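I keep this notebook to record what I look up in a structure, one topic per entry. The sequence and model come before the entries.

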Amino acid sequence: MAKTVPQTRYPHAAEAAYFRDIQRLVTELGKVTLQVFDEQIKPQIKLYGQDSHGYIMDGPLDVIQRAIEIIKGLSLGIFVSTEILNICTRFLNAVNAQSKANIQQQARIIGIDPTQSEPWLDEFMRSSINENVSYISTIRDEFFPKIEAIIYQGVKNGQSIKAIRDQLVERIGMTQNRAKFIAVDQTGSIFGQMTAKRHQEMGVEKFKWSTSHDDRVRQAHRVLDGRVFAYSDPPAEGLPGTPFRCRCVAIPVFDD
Ligand SMILES: [Zn+2]
């Protein structure tokens, strides 16, 4: 009689911890941005609007430029490379720990432990950590051209200070969404790749697609739920977890 195959469990805790870590950086970035805006940029925008001689004064714009440079400088103390590396290493270790425990449980059915020798793992961990370090660094890199555009265009177009500040707040919110995207996307993707690799290492050739069975599952994946595929011939969507923001998992199918 076939034994019940233990479920593949999506690493929700690792995803949540990773999101909290990136979110903390973005929150601090947002805080210093608004603080420098309120204390140093606002007064300059008022001056810029008070030109009584009928010509454009460059002085306030120079001060605004210097204030933006101050925010950039402060952001380097938030997006510290050793801290980003720690965050990503912690994340990869958490996903790996969950995957490993999961696979050991599943492999018990055929009486083996495929995680005892995994020559591929070091390189996989290293490249995944590097990739995530670059995603987090990009959050900061992409933030500054956006806020510079908001402030300069706002000032030149004569927008109110409140309108400019609202756009900054909105941009910080979008940056938080980006952090969320990275955490969800990377958790599914890395966990999916690890699962696939480990299943194949233990001789499993087929998997059953399993969604998270909640209302956020996309239609294209809902129809794959419960279907069995060969690792050598996956559906057009790819392997579970690897499409953008996918939280689906692969359950191993053992031949009798
Ligand atoms: Zn999915």
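**Entry 1: the loop between S2 and S3**

I started with Pro 243, which sits in the loop between S2 and S3. The model I am reading is a predicted one. Is Pro 243 buried or exposed? I found a relative accessibility of 11% for Pro 243, so this residue counts as buried. The cut-off for buried is under 20% relative accessible area.

Asp 185 is 58 residues away along the chain, yet the C-alpha atoms of Pro 243 and Asp 185 are separated by 7.9 Å.

Arg 245 is in the loop between strand S2 (228–230) and strand S3 (249–253). I checked the backbone of Arg 245 and noted a phi near 55°, a positive value in a residue other than glycine. Arg 245 has 37% relative accessibility and therefore counts as partly exposed.

**Entry 2: the zinc ion**

Which protein atoms are the donors of the zinc ion? I listed ND1 of His 221, SG of Cys 246 and SG of Cys 248. These donors lie 2.1 to 2.3 Å from the zinc ion. I wrote down the spacing of the donor residues in sequence as H-x24-C-x1-C.

**Entry 3: the loop between S1 and H6**

I moved to the loop between strand S1 (206–210) and helix H6 (219–222), where Arg 218 is placed. Arg 218 has a relative accessible area of 30% and is partly exposed.

His 213 is in the loop between S1 and H6 as well. What is the phi of His 213? I read a positive value of about 55°, although His 213 is not a glycine. His 213 has a relative accessible area of 56%, so I noted this residue as exposed. The cut-off for exposed is over 50%.

**Entry 4: a patch of positive charge**

Which residues gather in a patch of positive charge on the surface? I found Lys 180, Arg 216, Arg 218 and Arg 245. Two of these names were already in my notes: Arg 218 from the loop between S1 and H6, and Arg 245 from the loop between S2 and S3.

**Entry 5: salt bridges**

How many salt bridges does the structure hold? The count is 14. I looked at some of them one by one.

The side chains of Lys 42 and Asp 38 form a salt bridge, with 3.3 Å from N to O. Why are Lys 42 and Asp 38 separated by about one helical turn? They are four residues apart in helix H1 (residues 12–49), which means about one helical turn between them. Lys 42 is partly exposed at a relative accessible area of 24%, and Asp 38 is partly exposed at 27%.

Asp 141 and Arg 140 also meet through their side chains in a salt bridge, at 3.4 Å from N to O. I noted that Asp 141 is partly exposed, with a relative accessible area of 46%, whereas Arg 140 is buried, with 14%.

I then turned to helix H5 (residues 161–201), in which Glu 201 and Lys 197 are four residues apart and so separated by about one helical turn. Their side chains meet in a salt bridge of 3.3 Å, N to O. Glu 201 counts as partly exposed at 45% relative accessibility, and Lys 197 counts as partly exposed at 32%. I also recorded a network in which salt bridges with shared partners join Asp 21, Arg 24, Glu 83 and Arg 90.

**Entry 6: Ile 22 in helix H1**

My last entry is on Ile 22, which is placed in helix H1. Is Ile 22 buried or exposed? The relative accessible area of Ile 22 is 0%, so I recorded this residue as buried. I also looked up Gln 176, which is 154 residues from Ile 22 along the chain. The C-alpha atoms of Ile 22 and Gln 176 are separated by 8.4 Å.

Notes: Residues numbered from 1 in each chain as written. Predicted model: local features only at pLDDT ≥ 70, side-chain atom pairs only at ≥ 80, totals over all residues. Heavy atoms only, no water. Patch = residues over 30% accessible without salt bridge, like charges linked within 9 Å, V, L, I, M, F, W, Y side chains within 5 Å. Areas by Shrake-Rupley, 256 points an atom, 1.4 Å probe, with all protein chains shown as cover. Salt bridge = Lys/Arg side-chain N within 4 Å of Asp/Glu carboxyl O. Lys, Arg positive; Asp, Glu negative; His and termini not counted. Charge placed at Lys NZ, Arg CZ, Asp CG, Glu CD. Helix = DSSP H or I, 4+ residues; strand = E, 2+ residues; numbered from the N terminus. Buried < 20%, exposed > 50% of the residue type's maximum accessible area, 1.4 Å probe, protein only. Donors = N, O, S within 2.8 Å, 3.2 Å for Na, K, Ca; no water.
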